[in-house]
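Here is a short report on one protein chain. Keep the sequence and the coordinates open while you read.

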Amino acid sequence: MTETTNLVRLRQPDTIDDPLTDILQTGARKLLAQAIEIEAEAFLASMRDLKLPDGRERLVRHGHGPERTIQTGIGPVEVSRVKIRDRGAAGEDRIRFTSAILPKWARRTKSLDALLPILYLRGLSTGDFQEALSALLGKDAPNLSPSVITRLTGEWQAEYERWQTRDLSARRYVYVWADGVYLQARMEDQAECILVLIGATPEGRKELVGFQAGVRESAQSWREVLVEIKRRGLSIAPRIAVGDGALGFWKALDELFPGTHHQRCWLHKTANVLNKVPKSVQPGMKAALREIYLAPTRAQAEVAVDLFAEAYQARYPKAVECVRKDQRALLAFFDWPAEHWIHLRTTNPIESVFATVRHRTVRTKGALSPTTARLMVFKLIMAASKSWRRLMGENQLPKVIAGVRFKDGAEILPTPTHNVA
């Protein structure tokens, strides 16, 4: 006789029934296991020539390691590591198999590690991480406890220190962009200035070159940044540097890389000029400034400067003087390939990275110490650098390196000589 019951099992309030996520996790587990098996078989195949004295293969399968949980973007995935045994050697001579897909001590995917600095900048403290991630990774997500996060920031510090001591003797940067971002962290009365230097390689890629906390944007702080990168081997001066009007950077640059040309950032200059006039005047003045830096030739840009001065000199002389005093450095980009103008007119490679950082400084004030703030900014820049756009017109870079001269963006070709009979 079958016993019947009217009891209905109720779903717990914090339990989420999501068949789609279950399917994804099951599929991910199978794919990961297959990939690890294929990797192990490929390793064994590459070692087939290694034999024991009796003719047997030296390297053989040796089961699997204990199952462990890897935290991923779709939740925890269980997997076990393939073990391979070397039967022909011991100690340091033993051949060991290390999975590139599943490193021995891996507990999280790299995408999750990249997520953590962003959560910091959103204003989360280490104690809030597990709760914030539970909606994505499941309740009580392992390997993301506050103590684990604390250890992870220690790893970021070690990574930052290794980066700060890397060798630059084989590097060259055709263009560099310099700027500073101010971060006000917990218990700090004044915002700390992070000095950033980004460079363009001869292949057209952008790289983070210098990163250091300084005292405002003083000449001494920038000198320390430039001295350090020269000490690590960067001996060839960039062809041109792009930055705002902070005199500290330009003074230090002329001391340490005297052959580098100056290009003032139009983004900063526009903001400085507009700050000197009423808001009602700013839209028209901003359009007039665009006419200057978007002119097709230097001569037309200089005419646009004269028109700007004629229109605003009487009522807003300080705004006109702000443009006039840096006119030469503002128009320096005309002496470089036209394909590169969009890159050289502003410090956008840095501004775009720090747009979010500046927006979040108020939120992070209560969550970050000064040291953690620097580490978070460093990690964000390194993550963003993977998606930085290459320079357009990279075929022009060898000419720039060779010292070919340009006028209004076009290469100056040598004048042919004619023999007179």
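Asp408 is partly exposed, because its relative accessibility is 26%. This comes from a predicted model. Asp408 sits in the loop between strand E10 (406-407) and strand E11 (410-411). Its backbone deserves a look. Most residues other than glycine have a negative phi. Asp408 is not a glycine, yet its phi is positive, at about 55 degrees.

**The chain overall**

The chain holds 15 helices and 11 strands. It has 421 residues, and 41% of them are buried. Take the contacts between residues at least 6 apart in sequence: 65% of these join residues at least 24 apart.

**Helix H9**

How far apart are the end C-alpha atoms of helix H9? They are 21 Å apart. Helix H9 runs over residues 298-312, which is 15 residues.

The buried residues of H9 are Ala301, Ala304, Val305, Phe308, Ala309 and Tyr312. They cover an arc of only 140 degrees around the axis, which puts them on the same side of H9. Leu307 and Glu310 are on the other side of H9, and they are exposed.

**H8 against H9**

How do H8 and H9 run relative to each other, roughly parallel or roughly antiparallel? The angle between them is about 160 degrees. Angles over 145 degrees count as roughly antiparallel. H8 and H9 are therefore roughly antiparallel. Their axes lie 8 Å apart.

From H8, the contact uses Gly284, Met285, Ala288, Leu289, Glu291 and Ile292. From H9, it uses Ala301, Ala304, Val305, Phe308 and Tyr312. By class, this contact of H8 with H9 has nine nonpolar residues, one polar and one charged.

**H10 and H11**

H10 has buried residues too: Ala319, Val320, Cys322 and Val323. Seen down the axis of H10, they fall within an arc of 155 degrees, so they line one face of the helix. H7, H8, H9 and H11 are among the elements that cover them.

Gln327 belongs to helix H11. Is Gln327 buried or exposed? Its relative accessible area is 17%, so Gln327 is buried. The cut-off for buried is under 20%. Beyond its neighbours within four places in sequence, Gln327 is in contact with Glu302 and Val305. Val305 is also one of the buried residues of H9.

**Ile198 in strand E6**

Ile198 lies in strand E6, residues 192-200. Its relative accessibility is 1%, so Ile198 counts as buried. Which residues does Ile198 touch, not counting those up to four places away in sequence? They are Tyr175, Val176, Trp177, Lys206, Glu207, Leu208, Val209, Pro349, Ile350 and Trp388. Ile198 and Ala241 are 43 residues apart in sequence, and their C-alpha atoms are 9.8 Å apart in space.

**Accessibility at a glance**

| Residue | Relative accessibility | Class |
|---|---|---|
| Ile198 | 1% | buried |
| Gln327 | 17% | buried |
| Asp408 | 26% | partly exposed |

Terms used. Residues are numbered from 1 along each chain as its sequence is written. This is a predicted model: local features need pLDDT of at least 70, side-chain atom pairs count only at pLDDT 80 or more; totals for chains, interfaces and linings use all residues. Side-chain values use heavy atoms; hydrogens and water are left out. Helices (H or I, at least four residues) and strands (E, at least two) are DSSP runs, numbered from the N terminus. The expected span of a helix is 1.5 Å times one less than its number of residues. Buried means under 20% relative accessible area, exposed over 50%, partly exposed in between (1.4 Å probe, protein chains only). The arc is that of the directions from the helix axis to the C-beta atoms. Axes are lines fitted to C-alpha atoms, for helices over the stretch in contact, and angles run from 0 to 180 degrees between N-to-C directions. Angles under 35 degrees count as roughly parallel, over 145 as roughly antiparallel, 65 to 115 as roughly perpendicular and the rest as oblique. Contact means heavy atoms within 4.5 Å. Ala, Val, Leu, Ile, Met, Phe, Trp, Tyr, Cys and Pro count as nonpolar, Asp, Glu, Lys and Arg as charged, and the others, Gly among them, as polar.
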